[in-house]
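The sequence and structure are shown first.

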Amino acid sequence: MKINRRQFTLGSTTLLLSGMLPLKVNSSMIENKKNLVIIMLRGAMDGLTSVPYIHDNILEKVRPDIVVKKLLDLNSDFSLHPKLSGFHKLWKSNEASIVHATNIPYTGRSHFDGQNLMESGGTIPYKLKTGWLGRGIDVAGLEGLSISLPMPLLLRGKANQDNFFPSKLSMPTRNLVDILKHHYNDEPLLKKSFDKLISRPISMTKAPNNKNLKTLARIAGSELKKINGPRVAVFEVFGFDTHAAQGGADGEHGQKLKQVDYTFDVLKKTLGNTFKNTLIITLTEFGRTLVQNNGYGTEHGYGTSILLGGGLVKKSQVYADWPGIKNKNLFEGRDLNSTLDARSVYCSAMSVCFDTDFQLLNKEVFPDKKLNDLTNILFKV
Amino acid sequence: MNKSFFRKVGFGLGVDESIPSDPLEWSISQIEKLPKLHWSGPIYSLKEMMEFHGKYNYQDRRVLRKKFKNSRKDYKRAKKLLKYQTGHYYFEPLWLYIRHNEAINGSSPVFQRFLHFWGNHFAIQQKDAMYSYDVGPYHREIIAPAMLKNIEDLVYDVTISWAMIHNLDNSKSIGPNSPRAFKYSTRGKSANLNENHGRELLELHTVSPNAGYTQNDVIDMSKVMSGWMHRIPKMSSKIHKREENVPVHFIEEYHDSGPFNILGKKYVESFGTKAAREMLRKVIKDLVKTPACIEFISKKLCNHFITQYPSDEIVNSVISAWKNSKGDLKIIHSEVLKQAYKFSYLKKFQQPETWLLQFIKMSGLDYFPKDMTYNFETMIPRDKDRVRRICRNLGQLPFRPLQPNGWSDFEEDWLSPEFLFRRIGILNALKQKGKLIHLDKSYLDRIIELNFDNVSEIKTFLEKVNNNEESVALFSSKWMLKT
């Protein structure tokens with residue numbers, strides 16, 4: 001795939017890895033090591049573009065200029081965007097599924113409140129200072145490493161997480177390091193960051209100075225494959241906010257989906273046999289309106305879809321309590337409705353990948369609501 | 001005296017400067033007039049940049065893509081040349097050096113700090129190469145002059161600026177009850193709003209979600225904004241050679257004439273273009289008077305300049321100044337400075353770029369290239385692009401935040417092992433290259449005496465450091481990172 005340089009400048013796409021296994025491993029741990037990969041889709045991914053509902057020609061009528069043609073077959077009700085061809089291959093081998101008409105419990109249509117909630121897992125924007133994945137890692141008793149310059153809210157927890165991103169810079173002498181270590185003692189956050197920094201293994205200074213998605217996906221794959229490597233990876237893909245030029249198959253939204261597809265594809269290839277113990281899931285703040293606007297785009301909406309891939313997926317299926325997209329079915333008369341709290345999917349995914357009880361995770365990570373345990377429905381347990 | 005004040009609201013003091021006898025007066029005097037530009041190198045106006053950007057877009061979209069449709073290799077070669085010809089790689093470092101020069105060498109570092117704040121409040125996200133061409137002049141020509149007016153003027157000037165209209169897609173919006181929408185309907189097509197700009201005007205630029213606005217408020221705000229677009233009136237189907245890089249106009253044909261209901265207030269438009277045009281200003285005038293807007297922006301100012309979680313006492317002082325002055329920015333800024341001085345013992349973790357500028361100013365680092373001219377024919381030389389590499393390494397290219405809410409002002413978003421490493425690593429790299437060799441003991445003593453109150457504590461700390469790493473230690477110290 002041709003990578004457009006503009007789309008992959010620093011920060012536009014990042015990768016984070018977390019959940020180091022203890023160094024001492026035994027054969028059962030190797031067998032049981034399961035990987036969780038989250039792809040954050042910032043800007044609100046349009047579930048009706050990625051996984052269109054194909055009945056009644058409704059989309060053709062309300063999106064005459066941006067409706068996607070040459071769709072890939074899924075089942076009698078839904079199709080798949082043609083840019084998700086790698087994902088479609090997984091579908092055909094029972095390694096991909098879709099949860100549709102879902103979203104986090106947020107209807108405010110603000111990106112920033114929405115992204116805060118998709119990462120924190122809460123219901124009131126900016127109230128929680130940790131992320132649902134970070135809290136899940138805490139409950140599972142793992143340590144974290146992320147490969148990115150910032151530490152995203154999603155991964156923040158009580159545990160002392162590390163983050164790292166390739167660069168050519170180096171640390172000062174041991175003497176100064178020791179002095180600074182003592183010096184930061186009365187600044188808790190500085191101390192926490194510095195202590196993590198100076199305890200890095202030498203191998204972390206040898207990463208390539210290349211930050212495009214291709215490299216990062218390969219780094220993720222090869223690290224997740226290691227017996228004592230990380231168990232969680234997080235990608236961020238920006239640019240789904242297509243108020244204008246959303247386009248059809250080759251439009252802006254399609255190009256972004258191609259990046260998502262590429263991530264699935266590279267991970268599948270790089271992980272090899274480990275793919276069977278891996279789960280890849282997308283996460284976005286909300287969906288987009290049913291009807292197109294004048295800029296050949298769509299506005300902020302509500303319900304959307306989640307893409308799931310990997311060997312831990314139970315079977316190819318579109319799991320949804322489908323609300324319909326006729327006028328009377330729409331949320332506030334304009335958006336695909338959400339009939340499932342997306343946090344049920346994420347809590348179930350953590351339960352499977354961290355081998356941790358669903359109820360415990362629900363209580364510790366998403367305490368505000370009793371979520372649906374979907375582990376048996378969506379995943380191989 | 002709280003010498004940290006000079007870093008809190010500026011970039012610290014350079015070794016050739018003396019400590020102002022009245023720090024508050026020193027700071028307030030800087031925000032009362034538009035500072036004269038100190039930069040003596042090349043500079044281009046917003047109008048000129050729209051030509052460059054327009055040429056880049058037109059040539060790429062309308063000429064090269066057609067001409068080389070059968071040869072990707074030739075297209076790439078031609079596009080690279082086009083990028084050189086239009087300064088695609090040149091302008092961002094140029095704008096950064098100008099911005100940094102005004103901060104470090106200019107007469108009004110405090111004004112520059114406020115300009116950085118507002119530039120981030122009204123952020124232009126990384127999109128359509130705007131960081132390459134337009135964002136630098138947008139800060140200088142749209143935001144800076146408006147900082148001497150009323151908050152209403154600032155919000156209005158930014159809202160109808162080309163940069164913001166383009167960034168938030170308002171030219172793609174058609175009022176559902178506009179004459180243009182009527183024309184559409186006669187052809188069996190529907191016309192509708194683009195809510196992006198209307199929503200962000202409420203959410204990010206004025207009242208914030210704390211105002212409790214609804215989707216209907218967003219829709220009506222977008223209706224008010226419909227018609228403001230960068231489109232040549234009566235351009236018809238003829239492709240303009242500058243693509244969308246033409247000035248913003250109000251085109252009534254695209255405007256929805258209401259009535260509008262925004263945050264509980266009903267607005268009825270009188271007949272005529274003038275009334276339609278004026279409606280946006282009318283609404284903005286009301287928005288900036290709402291308690292939600294006043295509290296949101298006052299708090300944001302205190303958070304940026306004073307401390308991460310400012311007390312009610314601090315925020316309320318700024319709120320009072322806002323209300324009493326009816327939104328006069330000079331008065332509001334002045335109150336922020338008063339509070340920053342009064343509470344200068346409160347610490348705030350500095351954003352990477354602010355820390356960088358403080359380090360350069362205080363250390364007297366040889367930072368600026370001798371010459372920033374460019375031939376528009378070849379790749380920009382490495383030395384002229386160094387500023388971009390440094391900012392990228394620190395994780396903050398100021399003209400290209402990834403989202404329209406700009407760069408975070410919170411410690412948790414900037415304090416991670418890797419971010420900390422980048423600051424220490426850059427200092428270490430400069431030391432290894434001999435760039436900090438001038439920072440001998442007497443030079444460091446002078447820096448400390450000018451910029452810190454705990455002089456003996458810092459000197460004792462530096463006495464423990466060996467290997468000529470005192471400068472790395474000082475600028476990595478907690479006293480420097482948190483101000």
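Which residues line the largest cavity? In this predicted model, the lining consists of A:Thr102, A:Asn103, A:Ile104, A:Thr282, A:Leu283, A:Thr284, A:Thr304, A:Ser305, A:Ile306, A:Ala342 and A:Tyr346. A cavity is a set of points on a 1 Å grid over the protein atoms alone where a 1.4 Å probe fits but cannot get out, and lining residues have an atom within 4 Å of a point.

The predicted model requires pLDDT of at least 70 for local features and 80 or more for side-chain atom pairs, while totals for chains, interfaces and linings use all residues. Residues are numbered from 1 along each chain, chains are lettered from A, and side-chain values use heavy atoms without hydrogens and water.

The lining of the second largest cavity includes B:Arg386, B:Ile390, B:Ile426 and B:Leu430.

Turning to the interface, 64 residues of chain B are in contact (heavy atoms within 4.5 Å) with 60 residues of chain A. The area buried between these chains, that is, the accessible area (1.4 Å probe) lost on being put together and summed over both, is about 5000 Å². B:Pro417, B:Phe421 and B:Lys478 supply 13% of the area that chain B buries against chain A, more than any other three residues.

Between the chains there are 4 salt bridges (a side-chain nitrogen of Lys or Arg within 4 Å of a carboxyl oxygen of Asp or Glu). One of them joins B:Glu195 to A:Arg334, with the closest N and O atoms 2.8 Å apart.

Definitions and conventions
Buried area = accessible area lost by both parts, 1.4 Å probe. 1 Å grid on protein atoms, 1.4 Å probe; cavity = no way out; pocket = protein on both sides within 12 Å on 5 of 7 lines; lining within 4 Å.
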